[in-house]
Amino acid sequence: MPLSKQEWLALEKKANELRRLCLDTTFWAGSGHIGGGMSVMDILTVLYHKYLNIKVEDPNWADRDRLILSKGHAGIAYAPVLVDKGFNDPEQLKTFNHTNSKMGIHLDSNKVVGVDASTGSLGHGLPIALGTALAARVQGKNYKTYCILGDGECDEGSNWEAAMAAVQFKATNLISFVDRNKCMIDGRTEDVMNLEPFCDKWSAFGFIVKEIDGQNIKELTEAIDFALENKTDKPVMIVANTIKGAGIDFMEDDYRWHYGALDEDKYNQAKASLDRYYEKRVARAEKEGA
Amino acid sequence: MAGGLTYTAVDSTALSTAEYYGKALCELGEQHPEVVALTADLGKSTKIGMFGEKFPDRFFNVGIAEQNMFGIAAGMAKAGLVPFLSTFSVFASLRSADQLHTDICYQNVNAKIIATHSGTSFGQAGSTHHAICDMAVCRSIPNLTVICPADGMETVNAVRAAYDNFGPYYIRINRGFDRVLYPNTDYGFEVGKAVQLHEGTDITVIACGSCAFQALQAANFLDSADGLKVRVLNMHTIKPIDREAILKAVMDTRRIITVEDHTVIGGLGSAVAEVIVESGKGCAFKQLGIQDKFAPIGLHEDIMSILGIDSNGIIDAVREVMGKDFELDDDWDDEV
């Protein structure tokens, strides 16, 4: 189903709310992985508000779709999504990272409702996601497993072990993304450890690769629709080109905002920037939507 | 108890320890459709391949990629399956230690690691394939139960217990044939409870794995040759350790020796030492095992002899410790 303009605008509105909530959470926590949180937020929004077959009232429903956030440091983006969805008490965001909080930088699947795997150690998500995808096959279930990787973590060899296995086992019920924001802690990905030709690598491992603008909701939905309609025996990898800190002008495309702290001035600047960013995003949806 | 098959004394000499594991796993597979098996190109060596032959749709050979195997198993367990994973102990505990720690144990999923070729049992392969610190690594990870069975029958019991109890298990078994300690599985195996192999009041030898048989042999010899009454405990469960049996040994015998095919740092000996020290009671104590070095290349029984963890080494150690005293008074210079 092509994305209607109305649906597109609704997703833009939700993404904007979630970016704001991620910013607030970072402010409440004092600091956080806001750069990668902002880059991945559109992927999370589209999945949680258009695709994932989940039940808030039954978070452990055996037939639910799974989401494995392999870039687990984006918990500061993921927690707001799960709270907004109704899985967790909104007050918990205000204690994010505080001593004895249920929510810390890397979300614990045994403490935060709706989290399918405790991630944070990089290079772990794709193997775990492949495991849940293969479990669906063993159990005769139709659920899908989605996995979101960071690009920096693709340095980890375990991802490529999982890539080989996903293709070997024809795990087409696994739909993967890379949040390709081109930044990692110590610098730009191409400066620290070159990933290119990145899409070709996934293709060479046997994936069908869709390269898209990861800050474009229409392109995201088209890529996911493509993956869901995939009739081949190859899994789909969506390489989503994104912008670190998307929407907050002083953070955008700056690897130094992998992790950062916000004082009140910066917080207010960020809010104003997100408002302007939302206006631009709405204007694009209005213009390009049908 | 998963129960079902019974084993005879004839089986116990005809099958390797890993083949017992393979049979026990197949039995679990028949009873429980949620049991799946994974290996990293060691289906034949670890005998998990026996499961694969019976249940090809529930068997996953991930190639030589242990980290991926542990991650996949965690995902499967999260989705309600009960994965059994097998590779060599050295790889299970070290190559994929991060995945074991984080994906399996931190998430506390119901995955069972049956690690073969433990200790120096793959002796001729050298230190790249000896697992001398796996129990130390595994014992220190929360939520993980660690078992080192003494022989084939005990392996069957341990594998069944791993299925029967929720949570991550690490079971280390040897390559090849173990000396037979138990003719069948009916001797009261219970996770976390030591099994007494020989009664004694003079000294206690606490052993695990292949050293348990050696300890029993040593006790029988010392009984007839020296008139010493050596209590022998098969401490098959390294974590949770049987504190009660250790404390009883402290009180009853005041002398304890531990024996393990593993470094003396962090394994059975360390676990026992922690209980002894915390008891606050005086107790002569000696650890037999690998003394903070890499083991030589060779046949397993030769290596055990060189390391002093065979019956001769245990006999020597018992005689040495019997000459020592635990502190009874304020004179700290009267021990041998």
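Guide: Two strands pair if DSSP finds at least two bridges between them, and strands (E, at least two residues) and helices (H or I, at least four residues) are DSSP runs numbered from the N terminus. This is a predicted model, in which local features need pLDDT of at least 70 and side-chain atom pairs count only at pLDDT 80 or more, while totals for chains, interfaces and linings use all residues. Residues are numbered from 1 along each chain as its sequence is written, and chains are lettered from A and ligands numbered from 1 in the order in which they are written.

Visitor: Which strands stand at the edges of the open sheet of chain B?
Guide: The sheet has 7 strands with mixed pairing, in the order 2-1-3-4-6-5-10. Each edge strand has a single partner, so one side of it is left without a neighbour in the sheet; these are strand 2 (59-61) and strand 10 (237-239) of chain B.

Visitor: How do helix 5 and helix 7 of chain B run, roughly parallel or roughly antiparallel?
Guide: They pack at an angle of about 5 degrees with their axes 9 Å apart, where axes are lines fitted to C-alpha atoms, for helices over the stretch in contact, and angles run from 0 to 180 degrees between N-to-C directions. Angles under 35 degrees count as roughly parallel and over 145 as roughly antiparallel, which makes helix 5 of chain B and helix 7 of chain B roughly parallel.

Visitor: Which element gives the largest share of the side of chain B that touches chain A?
Guide: Residues are in contact if their C-beta atoms, placed from the backbone, lie within 7 Å, and the contact takes 26 residues from chain B and 24 residues from chain A. The largest share of the chain B side, 9 residues, comes from helix 5 of chain B.

Definitions and conventions: Contact = placed C-beta atoms within 7 Å. Parallel < 35°, antiparallel > 145°, perpendicular 65-115°, else oblique.
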